[in-house]
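Please study the sequence and the structure shown below.

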Amino acid sequence: MSDAIQRTDLPFPLVARGKVRDVYDVGGDRLLIVATDRISAYDVVLPRAIPDKGMVLTQVTAWWLTRLAAAQPHHLIACDVDSIVAALPELAPHRDQVARRSMLVRRTTPVPVECVVRGYISGSAWREYRESGTLAGERLETGLTESARLSEPIFSPATKAERGAHDENITFADVEIQLGGALARELRDRSIQLYLQGAEIAHRAGIVVADTKFEFGVAQNGELLLIDEVLTPDSSRFWPADTYAPGRAQPSLDKQPVRDWLDSLGDAWDRRPPAPIPPDEVVRATTARYRELFERLTGTEPEAFADQPIGPAITSGGV
Ligand SMILES: Nc1ncnc2c1ncn2[C@@H]1O[C@H](COP(=O)(O)OP(=O)(O)OP(=O)(O)O)[C@@H](O)[C@H]1O
Ligand SMILES: [Mg+2]
């Protein structure tokens, strides 16, 4: 296990420090996206980082990009450290900060809609359904219980909230008004294809993809690229298939130790920053969860996948 990185400091202009990623403008219409080991829960970043988390997020995304036909075209140019340092020699003294957790990507203008796909009803969708019988504003089949499988996956978009705010669910009609019908349909259809392809692969590894979120961006040449992270434990709800049973909440394959610990604090934390500091055993259990997810899904250890001599075979249209 490597030391956890809470923030990076690299010799390029910082475009954004998100909840998890430090994003640098490295010129030539490219970004360097570095997944740190920061972890957020209830939209608040915890004061302690989780070793190996950034590596797992980056390598899981790279792994999916090589496997999902609907991922093309996407933003990834390179994610093995040798290729990145070859493209950006300024990073040579900073290999340790960059290795295994970074992606060199094509810079886009992100489409301001979170493309959520749900195959099962959970979280905010379950709350909406319980209250109004709808999902994303549209009426759903009756009689669903918590965590039930939907008869087909549903596109349930959300606005991209400003920092500190919660994303808000919107209807497909809202997306059509905001972005136009053609782009709205392309986002929906590609997101559902990605979900179906990913869920089938995960199913073979004993993992249920309950829901997930994709982001797309428009490249300088007008191409719509799949960007950001793809089918990671941070952007998805992954459930172990062997214990899945509708009618209750399911254990999640990633942040569950952190969530359980925070929930055990009850009213001692009001879910506003600053969050409390997770104890060692919670940090250790969370690292183990992220690693286990990677290994179950891919059949390899994240270090072994990341350090393949030529890097994962990434092909991106247009690069
Ligand atoms: N190819 C790309 N071009 C432009 N922006 C991108 C690209 N890929 C990812 N991003 C952006 O980089 C950021 C990644 O940072 P991070 O995931 O930490 O953000 P976050 O905390 O999820 O917050 P938010 O996604 O709401 O900004 C996101 O804002 C994402 O939209
Ligand atoms: Mg993000």
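**Glu141**

Glu141 counts as partly exposed because its relative accessibility is 34%, where buried means under 20% relative accessible area, exposed over 50% and partly exposed in between (1.4 Å probe, protein chains only). This is a predicted model, in which local features need pLDDT of at least 70 and side-chain atom pairs count only at pLDDT 80 or more, while totals for chains, interfaces and linings use all residues. Residues are numbered from 1 along each chain as its sequence is written, and side-chain values use heavy atoms, with hydrogens and water left out.

Glu141 is found in the loop between strand E11 (138-139) and strand E12 (149-155); strands (E, at least two residues) and helices (H or I, at least four) are DSSP runs, numbered from the N terminus. Neighbours within four places in sequence aside, Glu141 is in contact (heavy atoms within 4.5 Å) with Tyr129, Leu150 and Ser151. Its side chain and that of Ser151 are joined by a polar contact of 3.2 Å, that is, a pair of N or O atoms within 3.5 Å; within protein, one must be able to donate a hydrogen and the other to accept it, and residues adjacent in sequence count only if both atoms are side-chain atoms.

**Thr134**

Thr134 belongs to strand E10 (residues 134-135) and counts as buried because its relative accessibility is 12%. Its side chain makes a polar contact of 2.8 Å with that of Glu128, and another of 2.8 Å with that of Ser132.

**Nonpolar cores**

The largest nonpolar core has 65 residues; such a core is a set of buried Ala, Val, Leu, Ile, Met, Phe, Trp, Tyr and Cys residues joined through side-chain atoms within 4.5 Å. Helix H6 (residues 181-204) gives the most to this core, with 8 residues.

Conventions
Chains are lettered from A and ligands numbered from 1 in the order in which they are written.
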